[in-house]
Structure formats: structure tokens, C-alpha cells
Amino acid sequence: MKTIQLRFQRSFFLRQGFVGGMQIFFCIVIMMLMRHGGLLVKFAPVIFVGPWLAIVLREYLISARQVDDEGVTRNDGKRFLWSDLRRINEVKMIIAGQHTGPVNHVDIVFKNGSVRILLAVLQNGIEAWQFVMGKKKTLEASAPPPPAAASSTPAAAPPAAATGPKCGTCGELGDYHRGFQKGGDEANNTFLPAASDKLKTIKVIDPNVRPTQSLQQCAECGAWFLHETSYEYLVYGSEDEQTLSRITEEKAKALLNG
Ligand SMILES: [Zn+2]
């Protein structure tokens, strides 16, 4: 069995140690300046260092410790199996406010929770990422083709004559879908339907405009979609949003040529 143990880079600990040290230093300075401040001063360490500690600790606990053939183990000991994999979200860094940079971390979403791989601060993050993407491909290849079963049952429920049979790739997609994820609020996160991953990106409308819009097409039936995605880094839980809208061929052609 292939197993990858994830190791943090030394610079990660140095940076966190530095940030932590600075906070503690300012905290001490403030407490010395306000020696007679009473009760409020006693809470200064909690107010200053608490939130930072909570974020770093949480980020650490939900990140992956081990990736292997069967699944992923988080630093908090929770284990997730590939058979429960729902989707993989790549979250890119934002440089200068609007340009998206290299991938910062990858969230592997399972039926019962998610695991983060902090690529930028791991010694072997890229190796783990490649392993995960390989695993995803294998899973997709071995998944049974869902619509094939219909042919074996003699037309029990004939499809509506006007629309014809549903497309096997994009048939389950409606006119509009929205996914929204907030860090620290995993229980309420929503995602675009899995079928949206199978659409082909034909054109990124303008990489400098946010939210990023891309024109996507179903390779099977040629239906067009407009995919929009935005990511906002917030200290108390970053926000990710994706929308997917079915669009007419005319609108798609206009976007393609525009
Ligand atoms: Zn289709």
C-alpha cells in the first residue's frame, strides 16, 4: 500500500512561531502600559492571541497527516475513505487583490467531512496532491456508468416527447446551481452538483475580472453553461462561491467571440 506522510516545512513553524511571538510581545507591552487597567487587561492575552491560536490550531487539525490507497487521515485523527469522496476543491492564492496565483491548498471533501492539504507549507505537498488527483481519476474510471441501466428496462416511463432522453453527462443539471463554502462552517457548506465537474472549460472570459467567469460545454450534447467562481480570504473563515447557469447557444457564441 502506498502511503504518504505529510511533513510541514520548517519555514511554516518559523513563520507561525514568529507571528505568535510578535502577538505575545505586543500583548505584554499592552499589559505593561495598562498595569492599572483592571479586569480588561487580564483578558488581553485571550483577545489578542486567542483568535490567532484558534485559526492556526483549526487549520492544523483539519489538514491531512497521511494520504494512502484507502483514504486520508487528518491531524485530529479522523479518517476518511476514498469510497466516500465527494469532490476536490483547489483553492488558489489571491495576489494583488484580484489575480489568482498558484494553488494554496486543496480541500478534499468526503461525505462525512473535509480534509485540507496545505500545499504551500508542506515539504511533500505536491507529491500528495498528485497522488490525490491520481486517486480521483481511478475512482472516476471505476465508477459504474449510471444511465446505462435504463436500456434494460422496457420503456416503463417514457421520457417527455418534447425534451427527449436526458443527457448522460449534464442531464441532472438544472438551469441554475450555487455552491457556497465558508471556512469554519463546514456543516452548512453546499457544492455544485457532481455533474458540473464533467463539463469542459472552453474559455475563461477574462482572468482579470472577478468573479472569474468561464464558458463551459457538455462534451456529450453540446449544451452551454456559464460558470462563475469567487474566493474571498477572510481571517475568520474564507468564503468560496460557485454558480453554474445554463445559457443559450446564442449567448455562448457571443461570449466566445466577445
Ligand atoms: Zn449534456
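Two residues are taken to be in contact if their C-beta atoms, placed from the backbone, lie within 7 Å. This is a predicted model, in which local features need pLDDT of at least 70 and side-chain atom pairs count only at pLDDT 80 or more, whereas totals for chains, interfaces and linings use all residues. Residues are numbered from 1 along each chain as its sequence is written. The chain holds five helices and twelve strands, where helices (H or I, at least four residues) and strands (E, at least two) are DSSP runs numbered from the N terminus.

**Confidence and overall make-up**

- The mean pLDDT of the chain is 81, and 85% of its residues reach 70 or more; pLDDT is the predictor's confidence in each residue, from 0 to 100.
- Over residues 148-162 the pLDDT stays under 50, and for this stretch the model has three contacts beyond four places in sequence.
- Where pLDDT is low, the predicted coordinates should not be read in detail.
- Of the 258 residues in the chain, 14% are buried, a residue being buried if 20 or more other C-beta atoms lie within 10 Å of its own, exposed if 12 or fewer, and partly exposed in between, with C-beta atoms placed from the backbone.

- Val106 lies in strand β6 (residues 99-110) and counts as buried because 20 other C-beta atoms are found within 10 Å.
- Leaving aside neighbours within four places in sequence, Val106 is in contact with Ile88, Asn89, Glu90, Ile117, Leu119, Trp129 and Val132; for Asn89, which is 17 residues away along the chain, the C-alpha separation from Val106 is 5.7 Å.
- Arg116 belongs to strand β7 (residues 113-117) and is likewise buried, because 22 other C-beta atoms are within 10 Å.
- Not counting residues up to four places away in sequence, Arg116 touches Ile62, Ser63, Ala64, His105 and Asp107.
- The two residues are ten apart along the chain, and the C-alpha atoms of Arg116 and Val106 are separated by 5.7 Å.

**The four-stranded sheet**

- Four strands form an open sheet in the order β1-β2-β3-β4 with antiparallel pairing, where two strands pair if DSSP finds at least two bridges between them.
- The edge strands of this sheet are β1 (3-5) and β4 (79-81), each of which pairs on one side only.
- From one strand to the next the twist averages 15 degrees; axes are lines fitted to C-alpha atoms, for helices over the stretch in contact, and angles run from 0 to 180 degrees between N-to-C directions.
- Strand β3 (residues 71-74) and β4 pair in the antiparallel sense over three bridges, and Gly71 stands opposite Leu81 in β4.
- Helix α4 (residues 125-142) lies across β1 and β2 (64-68), and runs at about 45 degrees to β2.

**The five-stranded sheet**

- A further open sheet, of five strands, has the order β8-β12-β11-β10-β9, again with antiparallel pairing.
- At its edges stand β8 (176-182) and β9 (200-204), each with a single partner strand, so one side of each is left without a neighbour in the sheet.
- Neighbouring strands of this sheet are turned by 25 degrees against each other on average, direction ignored.
- Strand β11 (residues 224-232) pairs with strand β12 (residues 239-247) in the antiparallel sense over nine bridges; in β12, Gln242 is the bridge partner of Thr229, and Asp240 is that of Tyr231.
- The antiparallel pairing of β10 and β11 extends over six bridges, with Ser214 opposite His227 in β11.
- The hairpin of β10 and β11 has six residues between the strands, and in this hairpin Gly222 takes a positive phi near 85 degrees.

**Helices α1 and α3**

- The axes of helix α1 (residues 10-33) and helix α3 (residues 44-61) come within 9 Å and cross at roughly 170 degrees.
- That crossing makes α1 roughly antiparallel to α3, since angles under 35 degrees count as roughly parallel, over 145 as roughly antiparallel, 65 to 115 as roughly perpendicular and the rest as oblique.
- Residues making the contact include Val19, Phe26 and Ile30 of α1 and Phe48, Trp52 and Val56 of α3.
- By class, the contact of α1 with α3 has twelve nonpolar, two polar and no charged residues; Ala, Val, Leu, Ile, Met, Phe, Trp, Tyr, Cys and Pro count as nonpolar, Asp, Glu, Lys and Arg as charged, and the others, Gly among them, as polar.
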